[in-house]
Amino acid sequence: MRNRLLRFAAYIAVGVVTGLIVAAVAVLSEKVLLERVLNLPPWQRVLAPALGLWAAVLMLRWADAGRRLSPSTSEEYIRAFHDRTYPMRFRDLPFRLAAGIVTIGSGGAVGLEGPSIYAGATTGSAIQRVARRLFRNREGYALLVAGAAAGVSAIFQAPATGVLFALEAPYKSDLGRRALLPALLSSASSYVVYVLVTGFDDRPFEISTEMVRVGFGRQELLGAAVVGALCGLAASAFCRILGAAKRIQESDRPWWLVALCGGGILVGLAVLCEFLFEAPLSLGPTAEGQLVSWSLDPEQSLVLLGALLAVRVMATSTVLASGGVGGVFIPLAVFGLIVGRLVGGWIELGPESLAFFPFIGVAAFLAAGYRTPLAAVMFVAESTGAPAFVVPALVAVAVSQVLIGNSSVSQYQRDSRTGHLERRLEMPVNSAMSTDVPTVSADAPLSDFVWGIALPRKQLEAVVVGPERNFLGVIRLSDSRHVDRNDWMSVTCGEVMTTDIEPARPSWTLREVTEAMADAEIELYPVIDSGGRIAGVVTENAIVKLVDFLNETQGGR
């Protein structure tokens, strides 16, 4: 119970620290820098995004005694989620946050959720390392998810969206598990801290109640399906554009030349916006709300709306290609808003439904780009406070998910929790079983396991057997923590072993074994023969190696 309460306290601590960090980033970037940039004379304002981009590139280029950092932020979370060996270094956090502040604060067309997610995930990872005795591997992974949820919750003031996004983002068609409660605690605490510190009560997509259509009928649902289809196709195209932008950023081209060209393009786009729209609509995540209000203005022509969509796509991809720091969550939402507004202008349901299709588009484009359908619908519901959007948004999101195919804005997302293992899980257990079983007698002292098996063989678990090699249980190195070291010679392995494990049979499949391993939270699972004697063990590494071998010999993934 004590450890459980300490872990809950750690989840809340992740939220509190993340809320404080995100609050500082939001104030500096939006309230200090971006507001001043947007109030500059036009000839100075158009130069700001280029100057901020160059400053961010230099920060990352010469960070930490010359060690170059990549500009990725939310991608770092998804990569670390799948690769436990990938480091989330806390020492990198100040440099990436500073680069994000100057990129967005100077008018870069990217979102603050990227630095926010990175801040939360890095904080969770750091707390896991500090309290590693309290957290095992799976609980450390939960801290990573909790931190990401806290980052989204704080920056959007949307706790439920934060939880769902952190669980959905690592996979294209699945959810991360074992992290729901940590994400809930961290997300709620982060939201509370952020609001208390900043006092902000503004969200990126707030609308008035007069703009919300109370009900919906056949025409609205049909229109929602059209919005979803267009958003799915457009999101697929943007994913390819974003992939090309990332390849440019990671290429061997001279970094100064890429930054110089990118800055020039951003200046040109800013000048174009001043000329076409008489407003700085290419700057910042939403130009401090000007972009939303301009897009929802019924007086704006569909041609200009199409031009704005092209400008925003180019501005966002240019920032990311040139080495700027920021996320694509808000850019995706902005693209969807404009696509929905175009459809709304075509269908024309009346002024009371002016925001109906645009915000359906927000959900559809966001869900398609990030492959997070639940988080996208929840984001629209939380950010607008309009429950009337939920059902039509679900229709649009479902259609967009069909048409997006396998595309995603993240190169590290996996298709599902099991990935390509799913195709192999029906194989028999003996295909991955090893007969080299680390065993220890039940009456052997605990020291025999620690000094004779665990440390020399780097084997954290062993099978406990009786006189006839009959299976009795499993002993883990973590079990020794509960026994004073002076008593290791007198306490037997049988006294501390785990006995509530049903051993596998030769008739089991790999699917059954992996599910049993997950439930028992062990990485070495015993297999017994018909007489109850230990026949072998299956490990997670053995399953992965088997699948990798089969993929190489049978045509890949």
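Predicted model: local features only at pLDDT ≥ 70, side-chain atom pairs only at ≥ 80, totals over all residues.

Tryptophan 54 belongs to helix α3.

Trp54 is also part of a nonpolar surface patch of about 750 Å², together with Trp43, Leu47, Leu51, Trp256, Leu257 and Leu260. Two elements, α3 (48–61) and α12 (255–276), each give two or more residues to this patch. Helix α12 supplies the largest share, with three residues.

## Serine 153

Helix α8 spans residues 137–156 and includes serine 153. Serine 153 has a relative accessibility of 0%, which is under 20%, and therefore counts as buried.

A polar atom of the serine 153 side chain lies 2.9 Å from the backbone oxygen of serine 187. Leaving aside residues up to four places away in sequence, serine 153 is in contact with Ala158, Pro159, Gly162, Ser187 and Tyr191.

## Helix α15

Helix α15 runs over residues 329–347, 19 residues in total. The distance from its first C-alpha to its last is 27 Å, close to the 27 Å expected at 1.5 Å a residue. Most of α15 is covered, with 17 of its 19 residues buried.

## Two arginines with positive phi

Most residues other than glycine have a negative phi. Arginine 371, not a glycine, has a positive phi of about 60°. Arginine 371 sits in the loop between α16 (356–370) and α17 (373–384). Its relative accessibility is 7%, under the 20% limit, so arginine 371 counts as buried.

Arginine 469 likewise has a positive phi of about 60°.

## The chain as a whole

The chain contains 22 helices and six strands. Of its 557 residues, 55% count as buried. Among contacts between residues at least 6 apart in sequence, 77% join residues at least 24 apart.

The accessible surface of the chain comes to about 23,700 Å². Carbon and sulfur atoms account for 59% of that area.

Methods: Residues numbered from 1 in each chain as written. Heavy atoms only, no water. Patch = residues over 30% accessible without salt bridge, like charges linked within 9 Å, V, L, I, M, F, W, Y side chains within 5 Å. Areas by Shrake-Rupley, 256 points an atom, 1.4 Å probe, with all protein chains shown as cover. Salt bridge = Lys/Arg side-chain N within 4 Å of Asp/Glu carboxyl O. Helix = DSSP H or I, 4+ residues; strand = E, 2+ residues; numbered from the N terminus. Buried < 20%, exposed > 50% of the residue type's maximum accessible area, 1.4 Å probe, protein only. Polar contact = N/O pair within 3.5 Å; in protein donor to acceptor, adjacent residues only side chain to side chain. Contact = heavy atoms within 4.5 Å. Expected span 1.5 Å × (residues − 1).
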